[in-house]
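Subject: Structure handover

Hello,

Here is the structure for you to look over. My notes on what was found in it follow below.

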Amino acid sequence: MLVRPRTVRSQIRLALGHVQQAVDDARNALEEGRASEDLQSLHPALAVHARTSLAAGARPAALAAFDELLARFVAEGTQQVSASLPDFAIAALELGRAEAFRQAIGTLKKQTPWIAAALAFAEGDFAAAAVTYAQIGS
């Protein structure tokens, strides 16, 4: 299964400004994540798909992926927090859905530095998010 390598490559390509290639990787990761039905694959794939769709100007696709992941976080808890929360937080902020993101994350019983960093980012406190990410080595 190539979900995780595809999501990471998508993030790298997006950072390099290769938006269409990032979108292609994210789409392929999402297809594979859905086929596997593995939440540790599907959750990060949805987050990366939302973020890359936004970068490509495909707001409806981004919103659909964001809303699906939001519903899954509430219903299923979370898998691979470190892999999904950064992109999920970025999409939340860009889609104007930061409050829904905060509420969903607030339902998680275990609080981690990953969650704290993502919440800070979604609240627009980028300095606090950066400090937390630096402390956890990300």
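A definition to start with: a nonpolar core is a set of buried Ala, Val, Leu, Ile, Met, Phe, Trp, Tyr and Cys residues joined through side-chain atoms within 4.5 Å. Keep in mind that this is a predicted model.

The core

The largest nonpolar core has 34 residues. Within this core, F66, F73, L85, F88, F101 and I105 touch the most other members. Which elements give two or more residues to this core? They are α2 (19–36), α3 (39–55), α4 (59–76), α5 (81–95), α6 (98–106), α7 and α8 (126–135).

Take F66 as an example. Leaving aside residues up to four places away in sequence, F66 touches A50, F88, A91, A92, L95, R97 and F101.

The overall fold

The protein chain has eight helices and zero strands. Along the sequence, the pattern reads α-α-α-α-α-α-α-α. The C-alpha atoms fill a box of roughly 30 × 30 × 30 Å along the principal axes. A compact globule of 138 residues would have a radius of gyration near 14 Å; the protein chain has 14 Å, so the two agree.

Buried residues account for 41% of the 138 residues. Take the contacts between residues at least 6 apart in sequence: 58% of them join residues at least 24 apart. The accessible surface is about 6,700 Å², and 55% of this surface belongs to carbon and sulfur atoms.

Helix α7 and what follows

Helix α7 covers residues 113–122. Its buried residues are I115, A117, A118, L119, A120 and A122. Just after α7 comes G124, with a positive phi of about 85°.

On the surface

V8, I12 and L16 form a nonpolar patch on the surface. Together they have about 260 Å² of accessible area. I12 sits in helix α1 (residues 3–15). Is I12 buried, exposed or partly exposed? Its relative accessible area is 47%, so I12 is partly exposed; the class runs between the 20% limit for buried and the 50% limit for exposed.

A61 lies in helix α4. A61 also counts as partly exposed, because its relative accessibility is 31%. Leaving out residues up to four places away in sequence, A61 touches H49 and S53. A61 and I12 are 49 residues apart along the chain, and their C-alpha atoms are separated by 20 Å.

Best wishes

Key: Residues are numbered from 1 along each chain as its sequence is written. This is a predicted model: local features need pLDDT of at least 70, side-chain atom pairs count only at pLDDT 80 or more; totals for chains, interfaces and linings use all residues. Side-chain values use heavy atoms; hydrogens and water are left out. Patches are made of residues with over 30% relative accessible area and no salt bridge: like charges are joined within 9 Å, nonpolar side chains (Val, Leu, Ile, Met, Phe, Trp, Tyr) within 5 Å. Accessible areas come from the Shrake-Rupley method with a 1.4 Å probe; for residues, only the protein chains shown count as cover. A salt bridge is a side-chain nitrogen of Lys or Arg within 4 Å of a carboxyl oxygen of Asp or Glu. Helices (H or I, at least four residues) and strands (E, at least two) are DSSP runs, numbered from the N terminus. Buried means under 20% relative accessible area, exposed over 50%, partly exposed in between (1.4 Å probe, protein chains only). Contact means heavy atoms within 4.5 Å. The radius of gyration is taken over C-alpha atoms; the globule rule is 2.2 Å times the number of residues to the power 0.38.
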